[in-house]
Amino acid sequence: MRSCGLSVCLFHRGDGCNGLCKSKEAEIKRINKELANIRSKFKGDKALDGYSKKKYVCKLLFIFLLGHDIDFGHMEAVNLLSSNRYTEKQIGYLFISVLVNSNSELIRLINNAIKNDLASRNPTFMGLALHCIASVGSREMAEAFAGEIPKVLVAGDTMDSVKQSAALCLLRLYRTSPDLVPMGDWTSRVVHLLNDQHLGVVTAATSLITTLAQKNPEEFKTSVSLAVSRLSRIVTSASTDLQDYTYYFVPAPWLSVKLLRLLQCYPPPDPAVRGRLTECLETILNKAQEPPKSKKVQHSNAKNAVLFEAISLIIHHDRCVGCLCTGSRCGRVRKPFLRDYVNCCPRSFSLEDGRPGPCVLRCLRLCRLSSWPSCR
Amino acid sequence: SEDTQQQIIRETFHLVSKRDENVCNFLEGGLLIGGSDNKLIYRHYATLYFVFCVDSSESELGILDLIQVFVETLDKCFENVCELDLIFHVDKVHNILAEMVMGGMVLETNMNEIVTQIDAQNKLEKSETFIFQSPRQDR
């Protein structure tokens with residue numbers, strides 16, 4: 001593997017030194033020697049070819065990861081960005097994502113390179129560029145790209161992997177600079193991504209919508225019914241569907257948790273949708289009480305993650321109804337949602353005098369995961 | 001800054017290596033990481049600790065399983081991965097992580113999908129090596 005050669009040669013070169021350095025002083029001496037060598041190569045008269053540049057930038061990165069400080073090499077890394085070769089671009093992006101520099105001239109060059117890659121229509125290059133924006137996420141990048149990325153996200157011809165990256169990149173920019181990401185026509189198209197065939201795209205879109213909906217609930221309220229139908233398709237799927245996304249016999253646990261979190265941004269939906277949601281939650285609670293399909297801790301972790309999030313949603317709906325009932329508009333007494341949901345699981349979630357049984361309360365208290373002992 | 005980064009790594013290792021085998025996998029971050037808002041979630045495999053520092057955006061049990069997916073993917077890509085693989089193939093490890101996590105959120109959890117992407121990247125790399133064989137004086 002070529003990359004192995006790049007790193008191993010750091011230690012095998014010169015002095016007849018075979019293998020890793022024996023002591024801290026020897027390591028520092030070796031590192032300094034190498035740094036001096038790289039510095040001279042970068043300053044040299046001969047222009048370095050792409051392979052050498054990449055090799056030295058990679059070495060600098062490795063030295064930084066070992067724990068030593070690096071104060072040069074940024075310019076060469078930025079130069080690598082404009083190369084046409086994937087491997088050189090990749091090392092350049094990796095370097096600038098890890099060693100973030102706030103020199104404004106460099107930032108301008110980096111943004112230029114990213115802009116070219118985003119417009120290149122090559123999904124690999126677009127992926128690298130989006131990744132860099134998401135890792136750095138600086139205000140300058142937000143200013144340059146916050147308008148461009150929604151377009152990439154909703155364009156019809158964007159590949160699935162690029163859509164995923166664009167969704168999370170936009171989310172990162174929104175978190176650091178929310179004022180620079182204006183709502184627009186793209187919001188309704190993003191909601192439609194919840195119906196996408198590729199579950200990775202749905203996962204990324206759900207993460208994005210959950211955060212955006214907290215500040216702009218009106219724009220995204222159509223996502224509730226789509227989320228419920230998606231969730232019910234996952235939860236009721238046979239074990240042979242969703243092959244790739246089934247994790248230790250639990251269907252798409254990460255996506256289920258995210259959809260349940262999205263639903264917690266909104267009050268309980270209207271009756272038609274609510275019926276379907278109730279069925280889903282019933283299924284989740286019932287599955288939690290079945291004997292486990294696997295002894296592995298991963299199976300119980302994933303199952304519990306979905307279960308806890310479902311209980312969180314139930315509590316959230318219960319609280320919402322509680323708030324509504326205190327208003328003077330609410331004439332009739334409404335049955336608490338919690339009792340509705342809990343009614344369907346008589347065994348451990350038993351009801352006493354219309355109040356949730358002790359088992360449910362224990363589960364609800366245990367929703368605070370840092371006090372939950374590791375499942376062994 | 002870079003100095004703070006190194007300090008955070010040292011402090012994290014210090015906190016995690018003291019942990020007993022059968023205590024909880026979740027602990028609150030040290031002061032440098034933002035105190036009690038952020039948590040450290042870790043798993044111990046032989047001699048290595050994989051530590052993820054998280055806030056509340058992702059499910060905590062989900063992150064525990066994400067570490068498992070990450071390690072299984074490393075095993076698939078490196079064939080019986082060991083510590084030396086992680087040291088000598090830092091860029092490849094970063095690439096695999098880049099397929100799974102982006103901007104601090106979970107990007108992809110399907111191991112087959114991740115491995116397919118990594119294989120495609122390896123093919124791209126090999127094709128570039130083959131076509132552009134430049135004479136190398138010093139290695």
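**Reading sheets and ring pairs**

Mentor: Let's start with chain A: of its contacts with a separation of 6 or more, 68% are between residues 24 or more positions apart. A contact here means heavy atoms within 4.5 Å.

Trainee: And how should I read the numbering and the values?

Mentor: Residues count from 1 along each chain as its sequence is written, while chains are lettered from A and ligands numbered from 1 in the order in which they are written. This is a predicted model, where local features need pLDDT of at least 70, side-chain atom pairs count only at pLDDT 80 or more, and totals for chains, interfaces and linings use all residues; side-chain values use heavy atoms, leaving out hydrogens and water.

Trainee: How many helices and strands are there in chain A?

Mentor: Chain A has 18 helices and 4 strands. Both are DSSP runs numbered from the N terminus: helices are H or I with at least four residues, strands are E with at least two. Buried residues make up 53% of the 376 residues in this chain, where buried means under 20% relative accessible area, exposed means over 50%, and partly exposed lies in between (1.4 Å probe, protein chains only).

Trainee: Now the sheet. What order do the 3 strands of the open sheet in chain B have?

Mentor: First, the general idea: strands of a sheet pair through backbone hydrogen bonds, either parallel or antiparallel. Two strands count as paired if DSSP finds at least two bridges between them. In chain B the order is 1-2-3, with antiparallel pairing. Strand 1 (26–28) and strand 3 (48–54) of chain B are at the edges with a single partner strand each, so one side of each has no neighbour in the sheet. On average, neighbouring strands are turned by 30 degrees against each other, direction ignored.

Trainee: Over how many bridges do strand 2 and strand 3 of chain B pair?

Mentor: Strand 2 (residues 39–45) and strand 3 of chain B pair over 7 bridges. Look for H44(B) opposite Y49(B), and for Y42(B) with its bridge partner V51(B). Helix 2 (residues 60–78) of chain B packs on the sheet, touching strands 1, 2 and 3, and its direction makes about 40 degrees with that of strand 2. Such angles run from 0 to 180 degrees between N-to-C directions, with axes fitted to C-alpha atoms, for helices over the stretch in contact. Strands 2 and 3 of chain B also form a hairpin with 2 residues between them; A46(B), in the turn, has a positive phi of about 50 degrees.

Trainee: Why is strand 2 of chain B said to be largely enclosed?

Mentor: Because 5 of its 7 residues are buried, strand 2 of chain B is largely enclosed by the rest of the structure.

Trainee: How many aromatic pairs are there over all chains?

Mentor: A pair of aromatic rings is described by the distance of the centres and the angle of the planes. Rings of Phe, Tyr and Trp (its six-membered ring) pair if their centres lie within 6.5 Å; planes under 30 degrees apart are stacked, over 60 edge-to-face, the rest tilted. The count over all chains is 7. In one, F42(A) and Y56(A) have ring centres 6.3 Å apart and planes at 90 degrees, so the pair is edge-to-face. F42(A) belongs to helix 2 (residues 24–43) and Y56(A) to helix 3 (residues 50–66) of chain A, 14 residues apart.

Trainee: Which residues are in a cluster with F42(A)?

Mentor: Ring pairs link F42(A), Y56(A) and F72(A) into a cluster.
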